[in-house]
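The following paragraphs lead through a protein model, from its overall architecture to selected side chains. Please keep the sequence and the structure in view while reading.

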Amino acid sequence: MGHFLGATGIEPASIRTSATDPVFLASVLDFILMDDASVLDFAQDRGFAADLPMLARSMLPGGDLPNWT
């Protein structure tokens, strides 16, 4: 959490109100998706498939990025 707060500049008190903003949610997923280990840890901790965060990201603003592979 500390790394996320430092990287994004958001204040802890703002997270609750921002949690309903699709742009904020996209930024949270972008943060997780920056590192494969973070994706795997996040998915394992929540008990879902590792490709689910990317699928969720594709449904939020800016998620229609091209697939280059």
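Predicted model: local features only at pLDDT ≥ 70, side-chain atom pairs only at ≥ 80, totals over all residues.

A residue is termed buried if its relative accessible area is under 20% and exposed if that area is over 50%, while values in between make it partly exposed. Ser-58, with a relative accessibility of 38%, is therefore classed as partly exposed.

The secondary structure consists of 5 helices and 0 strands, so that the order of elements from the N terminus reads α-α-α-α-α. The C-alpha trace extends over about 35 × 25 × 20 Å along its principal axes. Of the 69 residues in the protein, 22% are buried. The accessible surface amounts to about 5,100 Å², and carbon and sulfur atoms contribute 61% of it. When contacts with a separation of 6 or more are considered, 39% of them involve residues 24 or more positions apart.

How many aromatic pairs does the protein contain? The count is 3 aromatic pairs. One of them joins Phe-4 and Phe-31 in an edge-to-face arrangement, with 5.1 Å between the ring centres and 75 degrees between the planes. This pair connects distant parts of the chain, since Phe-4 belongs to helix α1 (residues 2–8) and Phe-31 to helix α3 (residues 22–33), 27 residues apart. Phe-4 has a relative accessibility of 8% and, because this is under 20%, counts as buried. Another edge-to-face pair is formed by Phe-42 and Phe-48, whose centres are 5.5 Å apart and whose planes are at 70 degrees. In contrast to the buried Phe-4, Phe-48 is partly exposed, with a relative accessibility of 28%. Ring pairs also gather Phe-4, Phe-24 and Phe-31 into a cluster.

Attention now turns to helix α5, which covers residues 52–58 and includes Arg-57. Is Arg-57 buried or exposed? Its relative accessible area is 9%, which lies under the 20% limit, and Arg-57 is therefore buried. The side chain of Arg-57 makes a polar contact of 2.6 Å with the side chain of Asp-30. Beyond its neighbours within four places in sequence, Arg-57 is in contact with Ala-26, Leu-29, Asp-30, Leu-33, Gly-62 and Gly-63.

Leu-55 is also part of helix α5. With 44% relative accessibility, Leu-55 is partly exposed, whereas Arg-57 is buried. Together with Leu-52 and Met-59, Leu-55 makes up a nonpolar surface patch of about 300 Å². The backbone oxygen of Leu-55 lies 2.6 Å from a polar atom of the Ser-58 side chain.

Which residues does Ser-58 contact, leaving aside its neighbours within four places in sequence? They are Gly-63 and Asp-64. The C-alpha atoms of Ser-58 and Leu-29 are 9.9 Å apart, although 29 residues separate the two along the chain. Leu-29 is itself among the contacts of Arg-57.

Note on methods: Residues numbered from 1 in each chain as written. Heavy atoms only, no water. Helix = DSSP H or I, 4+ residues; strand = E, 2+ residues; numbered from the N terminus. Buried < 20%, exposed > 50% of the residue type's maximum accessible area, 1.4 Å probe, protein only. Contact = heavy atoms within 4.5 Å. Areas by Shrake-Rupley, 256 points an atom, 1.4 Å probe, with all protein chains shown as cover. Polar contact = N/O pair within 3.5 Å; in protein donor to acceptor, adjacent residues only side chain to side chain. Patch = residues over 30% accessible without salt bridge, like charges linked within 9 Å, V, L, I, M, F, W, Y side chains within 5 Å. Salt bridge = Lys/Arg side-chain N within 4 Å of Asp/Glu carboxyl O. Phe/Tyr/Trp six-rings, centres within 6.5 Å; stacked < 30°, edge-to-face > 60°.
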